[in-house]
Amino acid sequence: NVRVSPAPSPKPKYAIGSRPMFPTEVEKGRLNYHQIQEAALRDQRRQASNPGYDSNNEAQNKISIRAIRRKRERYERCVVPTHVAAKIRQDEGCHVLKFSPDGKYLAVASSHTVMKDRKLFSIQVFFTSNLSLCHTFVAHHELIYDLKWDAQSESIISSSADHTARVFSMQLRLSDGMHVRDLNHEISLQHTTWVYTACFHPTATSPRLILTGAHDGYIRVWSRDNGDLLARLPKRLESVNSIAFAPNGRNFYSGDSVGTLTSWRDTGFDDEKFDPDDAMAWATRFIVTLSIVVEKKPINCVRFFKHPERVVVYVRGGGLYLVSMLRNQVRKHFQGVECRLNRLRFAVSPDDEQSFLIAGSEDGKA
């Protein structure tokens with residue numbers, strides 16, 4: 001008699017990160033030589049700039065390995081995330097999140113109860129590679145409305161309900177052959193009302209400029225070098241909620257609480273005789289070139305989109321609008337977000353094509 005029965009298929013060989021114990025196992029490292037070398041160099045840089053970083057921490061290493069395995073090149077398009085990579089625990093939640101332009105840091109504005117009925121509002125800066133804490137700035141005594149980085153990713157400006165806008169510096173300096181990071185409070189800009197937005201001028205150097213928008217409807221121009229108020233631009237109809245500068249620094253846009261999007265031009269670039277020491281000259285340096293009413297509702301946020309004359313605005317209760325300032329009209333209306341009570345914002349993906357607009361919504365989704 002002959003008995004025929006199926007034979008099991010050979011087991012596949014598995015790549016493992018330790019010594020093989022069975023014939024089906026093949027010893028293979030998780031990272032190649034170049035990835036290990038890059039990780040070692042990153043550890044050295046982190047230890048130089050962050051003394052509290054521990055390269056032997058298993059949780060930090062897992063996140064670092066994940067970051068090494070996938071790094072988007074500048075020419076590649078962004079992809080929509082499909083899972084949660086990490087979480088930052090905050091006792092009372094966070095109010096604003098802002099990534100630095102170079103992608104190395106994440107600034108988080110949060111609140112902490114220190115005494116009964118008293119809170120402190122701080123800015124925590126994390127390394128994006130492993131989400132370890134870089135530094136905490138105790139910033140304000142009231143709610144923080146907005147955060148902005150400078151183009152060099154070395155300074156943060158915050159705007160708050162305690163009537164101030166403050167600049168915090170994170171500059172690197174060379175000391176005994178090592179890069180040391182100076183963490184300090186640079187200047188404080190005092191206002192007479194709530195400050196809703198503030199930003200650095202991207203190209204002005206002598207002096208360096210800061211623009212702030214407040215509840216009283218004024219946009220103020222400040223000197224970052226000494227904190228002096230240089231000018232107060234013509235008052236808008238209502239409070240100024242958002243300011244966005246063009247990358248070349250020649251234009252900026254402001255959005256107010258009645259739905260008006262205003263285009264401003266910096267004439268200091270065109271006038272070679274402009275005297276920065278002349279107080280009267282500052283009053284006429286920034287002029288209004290165009291105003292358009294997107295919708296008669298508050299504008300939460302303004303961002304540039306693919307072109308210096310094309311912006312996207314987030315209107316409370318209306319959604320997102322793509323506005324062409326050249327044609328003076330609304331080109332497209334993005335619907336699907338819910339925003340009726342809170343000052344929600346949106347972000348533009350950092351790839352060259354600006355493939356996505358990611359907006360917050362009151363239904364708990366992005």
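## Overview

Of the 366 residues of the protein, 42% count as buried; buried means under 20% relative accessible area, exposed means over 50%, and partly exposed lies in between (1.4 Å probe, protein chains only). This is a predicted model, in which local features need pLDDT of at least 70 and side-chain atom pairs count only at pLDDT 80 or more, while totals for chains, interfaces and linings use all residues. Residues are numbered from 1 along each chain as its sequence is written, and side-chain values use heavy atoms, with hydrogens and water left out.

The protein has three helices and 24 strands. Helices (H or I, at least four residues) and strands (E, at least two) are DSSP runs, numbered from the N terminus. The protein exposes about 21400 Å², of which carbon and sulfur atoms supply 51%; accessible areas come from the Shrake-Rupley method with a 1.4 Å probe, and for residues only the protein chains shown count as cover. Among contacts with a separation of 6 or more, 43% are between residues 24 or more positions apart, a contact being heavy atoms within 4.5 Å.

An open, antiparallel sheet is formed by four strands in the order 11-12-13-14. Two strands pair if DSSP finds at least two bridges between them. Strand 11 (195–200) and strand 14 (229–232) are at the edges with a single partner strand each, so one side of each has no neighbour in the sheet. Neighbouring strands of this sheet are turned by 20° against each other on average, direction ignored; axes are lines fitted to C-alpha atoms, for helices over the stretch in contact, and angles run from 0 to 180 degrees between N-to-C directions.

Within this sheet, strand 12 (residues 209–214) pairs with strand 13 (residues 219–223) over five bridges in the antiparallel sense. I210 stands opposite W222 in strand 13.

Strand 21 (residues 319–324) and strand 22 run antiparallel and are joined by five bridges. V323 has V330 in strand 22 as its bridge partner.

## Salt bridges

Side chains of opposite charge can pair when their charged atoms come close. Seven salt bridges are found in a search of the whole structure, each being a side-chain nitrogen of Lys or Arg within 4 Å of a carboxyl oxygen of Asp or Glu. One of them joins the side chains of D146 and K148 (3.8 Å, N to O). D146 is buried at 6% relative accessible area, and K148 is buried at 13%.

R285 forms a salt bridge with D266, with the closest N and O atoms 2.5 Å apart. This pair links distant parts of the chain, 19 residues apart: R285 is in the loop between helix 3 (279–283) and strand 18 (286–293), and D266 is in strand 17 (residues 260–266). R285 is buried with a relative accessible area of 9%, and D266 is buried with 1%.

The side chains of R208 and E186 meet in a salt bridge (3.8 Å, N to O). R208 lies in the loop between strand 11 and strand 12, and E186 in strand 10 (residues 178–190), so the pair links distant parts of the chain, 22 residues apart. R208 is partly exposed at 28% relative accessible area, and E186 is partly exposed at 26%.
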